[in-house]
Amino acid sequence: MADIALIGVSKRFGDIVAVDDLTLQVDDGAFVVLLGPTGAGKTTTLRLAAGLETPDRGLIRIGDRDVSKLPPAARDVTFVFQQYSLYPHFTVYDNLAFPLRSPARRLPEDEIRKKVTETAALLRIESKLGNRAARLSGGEMQRVAIGRALVRRPSLYLMDEPLSSLDAKLRAELRLELKRIQVELGATFLYVTHDQIEAMTMATKIGVIESGRIVQIGAPREIYEAPKSVYVAARLGQPSINLLPRAAAPELAAPSAAVTIGARTEHLRIVKARGADAHGEVVWIEHLGDQNRLHARILGHDVVTLAEADAALSVGDEIGVRFVNPLFFDVNGDRIVAGTA
Amino acid sequence: MARIEIEKLHRAFGDFVAVKSSDFVVEDGEFFCLLGPSGCGKTTTLRMIAGLELPTSGRILLGDEDVTFKRAAERDIAFVFQFFALYPHMSVRQNIAFPLKSQSVPRRERALRITEAARALRIEPLLDRSVGGLSSGDRQRVALGRAIVRQPRAFLMDEPLGALDAELRQVMTGELRALHDRLHCATIYVTHDQHEAMSMADRIAVMNHGVVEQIGSPREIYDRPASMFVADFIGLPPMNFLNFADRLEAGATEIRLGQAEISVPTLRESLPESELALGVRPEAVLFDDASALRGAVFGTEYLGTTQIVTITTDFGLLRARVGADRNLHVGERLGLTFRPEKLSLFEKQSGRAIYTALYEGAAHG
């Protein structure tokens, strides 16, 4: 087990700056998730850590070794890809044993058997050890792919959207399992995703990435409750944060520099029209079963919030909106922290 | 515009029955979802309605017309696929115009319809761009444009958003529903994503192994699932099942889980001693120290506004959705109660829902 640090790392592909003077520290035993939309530079960052790309500038350290110039095999890291890459004609057992049988390692066969059995138990695929990989379901294949990464016990695990090819239910299951395994092994994970639920539920820290830079890193709750900017605020939360121009709520007390009001569901109270900060109309109520989403229009702006299941509201109703400690952003999209305005 | 009626529609491939004698009606102007896991028969059903596949038996009516054995081109139905096939060397306008050209619609009418379709989809500024440089969201909008420009009598969509990433899918879900509200044309939409179905559909048909297990509004399906399969397929996390064995008496308003007495909707049928499951939605779980039903926190998943708490009990694992402000730690012992009006009961062997006051007035699938 080890920590990893990327210090002032940059990588360009032609005219495109994929990673731009990025600095990131992943502590030993941490589960750090890089979250950002397509093209933000998450995967390139991960590939740089793995040694699949070489940085144009900057330093990469694993433990106390400078690995910037080392090939992947010399870094003692393991990489799990979005698409499982198994040997289809091998059994699950042989797929799992494969990384241990590399000529560089020369582990005795009973040692291999022990490690494979342990890993299979961890991933709950013991009963499948004798099956050919080609005969597994998608979820089982991805578990074997993860197992192949785990069996070696490297100092660092790098994962690139390993769950995104699975269906929703399986993804939810494997999320819990992956987190459990990481905690049980005390392993260090650097994990890339664009799925905010994966980030929120598994990470000890989320690094939000924008145009090749980490714009904020912190515990999920910190990122959710105290985002540094509009960009970060928009990455987390379902329904996503409502961003309204200051002028949409003239009655609301706000810092003088505030240009944008950021209101999550918990910052909004729907009230009878009088005595509200802003007024609008119900456009649509979306019944999702576990929650009802209220879509409203306030001075020409769309607002989405959660409504109580028994809220007596229907389309066309006039409503008032009260803000409860919303977030405020300035003209650059940076959050105005209370007390500094 | 037309309603679509499916009668005893059946499709077998050798020994394998893909769709088993299904019946349903999609009303004119309705947004109807076929929902189920892969291999449940939803796509085969859709392809038969489109005319891309012929049924083994049964009938398909479009309006008053029997189209069961008509060719796809004669059905006046537009089909939108998951992988949008656009002509890469043509502009957006030419792509949208294509179906009209092949129907030899006069030039002036063509121009008018293209403008209308582009306006409905808010892609007017893109009309003269080449499709090669478009984002995946805009490509899907163009594919939809090509479907709506024909002004068909019905739309069939096969996971049209399946290839998009989560954020864009959410946006497109809203757009598709808004588009439907403008066009009011019968739409059958196939998906395995329950969230899409819940969000867009007027009614949902949940399919499993070629059989329609339940048809109802999103709310009905969520609140009154007809079977354990439906209850488990809908909701994230899905409905919890607490396992117990007992006999049930019509008129009873409580069941026993070990030492705990649990209030349930009034039972409307009696059952001899059987294996049963109490169905509990995650948001119907409440914490109450006084309750005789005990559990221990196994893990929590923080989601911002809410958190999912996984709890072990003597009757099985339970997932609860509670506010994120509640502080819980692993191993903590909890007393549990449930919102009685939200509970379902199932007979485990058949998986069917037991009839209670909750289900009164509901259409059973």
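Which domains does the domain assignment of chain B give? Domain 1 covers 4-223 and domain 2 covers 237-359, with bounds that come from an automatic or database domain assignment. The centres of domain 1 and domain 2 of chain B, taken over C-alpha atoms, are separated by 38 Å.

This is a predicted model, in which local features need pLDDT of at least 70, side-chain atom pairs count only at pLDDT 80 or more, and totals for chains, interfaces and linings use all residues. Residues are numbered from 1 along each chain as its sequence is written, while chains are lettered from A and ligands numbered from 1 in the order in which they are written.

**Chain B as a whole**

Chain B has 8 helices and 20 strands; helices (H or I, at least four residues) and strands (E, at least two) are DSSP runs, numbered from the N terminus. The C-alpha trace of chain B spans about 75 × 45 × 35 Å along its principal axes. Of the 365 residues in chain B, 44% are buried, a term for residues with 20 or more other C-beta atoms within 10 Å of their own, the C-beta atoms being placed from the backbone. Two residues are in contact if their C-beta atoms, placed from the backbone, lie within 7 Å. Among contacts in chain B between residues at least 6 apart in sequence, 66% join residues at least 24 apart.

**Contact between the chains**

Between the chains, 24 residues of chain A are in contact with 25 residues of chain B. The elements below each supply at least two residues of the side of chain A that touches chain B.

| Element of chain A | Residues |
|---|---|
| α5 | 168-185 |
| α6 | 196-202 |
| α7 | 220-225 |
| β14 | 278-287 |

By class, this side of chain A has 10 nonpolar, 7 polar and 7 charged residues. Ala, Val, Leu, Ile, Met, Phe, Trp, Tyr, Cys and Pro count as nonpolar, Asp, Glu, Lys and Arg as charged, and the others, Gly among them, as polar.

**Local features of chain A**

Helix α1 (residues 42-50) of chain A is mostly covered, with 8 of its 9 residues buried. Among the buried residues of α1(A) are Lys42(A), Arg47(A) and Leu48(A).

An open sheet of 3 strands in chain A has the order β11-β12-β18 and antiparallel pairing; strands pair if DSSP finds at least two bridges between them. Its edge strands are β11 (242-245) and β18 (327-329) of chain A, each pairing on one side only. Strand β11(A) is joined to β12 (residues 260-263) of chain A by 4 bridges, and Ala263(A) in β12(A) is the bridge partner of Asn242(A).

Note on methods:
Buried ≥ 20, exposed ≤ 12 C-beta atoms within 10 Å, placed from the backbone.
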